[in-house]
Amino acid sequence: MLCWGHADVRADFRRVRRRPGGYGLAGRFARAHLSLWRSPEGVAKPYVVWQTIGGNPENYLAQRPDIDGFSLQIDVYGVSVTQTRDTAKAIRNAIELKANIVRWGGDSRDPVTKSYRYSFDVDWLVPR
């Protein structure tokens with residue numbers, strides 16, 4: 001799915017770095033490979049991957065849509081539960097002013113890499 005709003009979403013993710021304490025929690029953001037859900041190898045933890053999982057324009061009867069809605073899944077990976085949750089909180093605090101969190105996915109641990117993961121979904125409205 002083509003997401004015209006990706007530039008806006010990336011800009012808001014970069015706000016995490018500018019927030020006090022944000023850069024240390026989420027120093028890198030990797031764009032997920034849509035089919036693989038993976039970051040590039042060797043990325044320092046914590047890191048975040050995200051992908052568009054759906055979307056739709058705001059349709060009107062009298063005019064063309066002026067805003068598009070996107071649903072994103074955000075996955076945070078870290079070396080500990082605390083690091084992963086703290087990074088997820090920093091991201092939540094930075095993007096919650098522009099996006100609505102619609103699902104908390106909870107904690108898990110990858111059996112191969114031993115990385116901890118916290119997942120959540122957001123709905124984002126992006127002006128055209």
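Reader: What share of the accessible surface of the protein chain belongs to carbon and sulfur atoms?
Author: The model is a predicted one. In this model the protein chain has an accessible surface of about 7,600 Å². The share that belongs to carbon and sulfur atoms is 51%.

Reader: What pattern does the protein chain follow when read along the sequence?
Author: The secondary structure consists of three helices and five strands. Read along the sequence, these elements give the pattern α-α-β-β-β-α-β-β.

Reader: Among contacts between residues at least 6 apart in sequence, what percentage join residues at least 24 apart?
Author: Of the 128 residues in the protein chain, 40% are buried. As for the contacts in the chain between residues at least 6 apart in sequence, the part that joins residues at least 24 apart is 56%.

Reader: Over which residues is the pLDDT below 50, with 40 contacts beyond near neighbours in sequence?
Author: The mean pLDDT of the protein chain is 76, and 69% of its residues reach 70 or more. Residues 1-5 have a pLDDT below 50, and this stretch has nine contacts in the model beyond near neighbours in sequence. Where pLDDT is low, the predicted coordinates should not be read in detail. The stretch with 40 such contacts, also with pLDDT below 50, is residues 21-36.

Reader: Does Lys-114 count as buried, partly exposed or exposed, and why?
Author: Lys-114 is placed in the loop between strand 4 (99-109) and strand 5 (116-127). Its phi is near 65°, a positive value in a residue other than glycine. The relative accessibility of Lys-114 is 47%, so this residue counts as partly exposed.

Reader: Why is the pair of Trp-104 and Tyr-118 described as it is, given the angle of its planes?
Author: By the rule used here there are four aromatic pairs. Planes under 30 degrees apart count as stacked, over 60 as edge-to-face and the rest as tilted. The ring centres of Trp-104 and Tyr-118 are 6.2 Å apart and their planes lie at 55°, so the pair is tilted.

Reader: How many residues apart in sequence are the parts that Trp-104 and Tyr-118 tie together?
Author: Trp-104 is partly exposed, with a relative accessible area of 46%, whereas Tyr-118 counts as buried at 14%. Because Trp-104 lies in strand 4 and Tyr-118 in strand 5, the pair ties together parts whose separation in sequence is 14 residues.

Reader: What is the centre to centre distance in the aromatic pair of Trp-104 and Phe-120?
Author: This pair links Trp-104 in strand 4 with Phe-120 in strand 5, 16 residues apart. Phe-120 counts as buried, at 0% relative accessibility. Trp-104, Tyr-118 and Phe-120 form one aromatic cluster. The pair of Trp-104 and Phe-120 is tilted, with 45° between the planes and a centre to centre distance of 5.5 Å.

Technical notes. Residues numbered from 1 in each chain as written. Predicted model: local features only at pLDDT ≥ 70, side-chain atom pairs only at ≥ 80, totals over all residues. Heavy atoms only, no water. Helix = DSSP H or I, 4+ residues; strand = E, 2+ residues; numbered from the N terminus. Buried < 20%, exposed > 50% of the residue type's maximum accessible area, 1.4 Å probe, protein only. Contact = heavy atoms within 4.5 Å. Areas by Shrake-Rupley, 256 points an atom, 1.4 Å probe, with all protein chains shown as cover. pLDDT = per-residue confidence, 0-100. Phe/Tyr/Trp six-rings, centres within 6.5 Å; stacked < 30°, edge-to-face > 60°.
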